[in-house]
Amino acid sequence: MLRPSLWSLPVILGTLLAGASCAGDKTVGPGGTRDAVLVVSANLSGTMVATVVVDVTAVDIPTMLVFNIPIVNGTASGSITVPAGSNRSIMIRGYDVGGVETHSGTVTTSVQPGTNPAISLVLTPLTGDLPITATLGAYSVHVAPGSAALALGGTNTKQLAATITDTQGHTVTGAVAWATDNPGIATVDATGLVTAVGTGTTTISAVFQGVTGTATITVTP
């Protein structure tokens, strides 16, 4: 039986340690590809959506991945884990309390290990409901309250707050950029203070690194 020489011991130990390290790498998925975690978020205020389903398919994903996204206070937010690779087809569907599909949207994108750029996806209403904008990325932005009613000549201001969370659900410190979709109905300042200026309904957005959280503002006379 041959015994390893002293100079060969570091090589043998290094090989063993490298093998142990690879065996403990839990980010490696099927086929040796690493996984990526994406946060899915959408403001469902004003819609009939009670369940959000996300399907992920690709040529190298033998069985379709299916995820249910939790809904809390009118906002759907949750994480999905996707094997990294190209041409990942991500479909998001909304259902009402009766199990009837109300919204649907699909995007095809490449997913890289680790952090991915934010993706915006519009869910088209199938039953005359309002459209929904969903985002997928490394963060989610939740605006509270998700909806508010203001009145001209009455309570015409509302303070909104934005919370940023990462893929682990941890709160992240950062500054969001506030914007209004229709300044003729409501304006918003850099702190999230909304002011009604005309009747109608508009959307107030808070954006952080390409991910958007929204609130629906309705102004009455």
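Colleague: Which strand does β2 pair with over seven bridges, and in what sense?

Modeller: In this predicted model, β2 (residues 51–58) pairs with strand β6 (residues 85–95) in the antiparallel sense over those seven bridges.

Colleague: How should I think about the side chains of a strand, and how many residues of β2 are buried?

Modeller: The general idea is that side chains in a regular strand alternate between the two faces of the sheet. In β2, six of the eight residues are buried, so the strand is mostly covered, with buried meaning under 20% relative accessible area.

Colleague: How many aromatic pairs does a search of the whole structure find?

Modeller: One. Tyr139 and Phe208 sit edge-to-face, 5.3 Å centre to centre with 80° between the planes. Tyr139 belongs to strand β10 (residues 139–144) and Phe208 to strand β18 (residues 200–208), so the pair ties together parts 69 residues apart in sequence.

Colleague: What is the mean pLDDT of the protein chain?

Modeller: The mean is 83, and 85% of the residues reach 70 or more. Over residues 4–32, though, the pLDDT is below 50, and that stretch has nine contacts in the model beyond near neighbours in sequence.

Terms used
Residues numbered from 1 in each chain as written. Heavy atoms only, no water. Buried < 20%, exposed > 50% of the residue type's maximum accessible area, 1.4 Å probe, protein only. Helix = DSSP H or I, 4+ residues; strand = E, 2+ residues; numbered from the N terminus. Pairing = 2+ DSSP bridges. pLDDT = per-residue confidence, 0-100. Contact = heavy atoms within 4.5 Å. Phe/Tyr/Trp six-rings, centres within 6.5 Å; stacked < 30°, edge-to-face > 60°.
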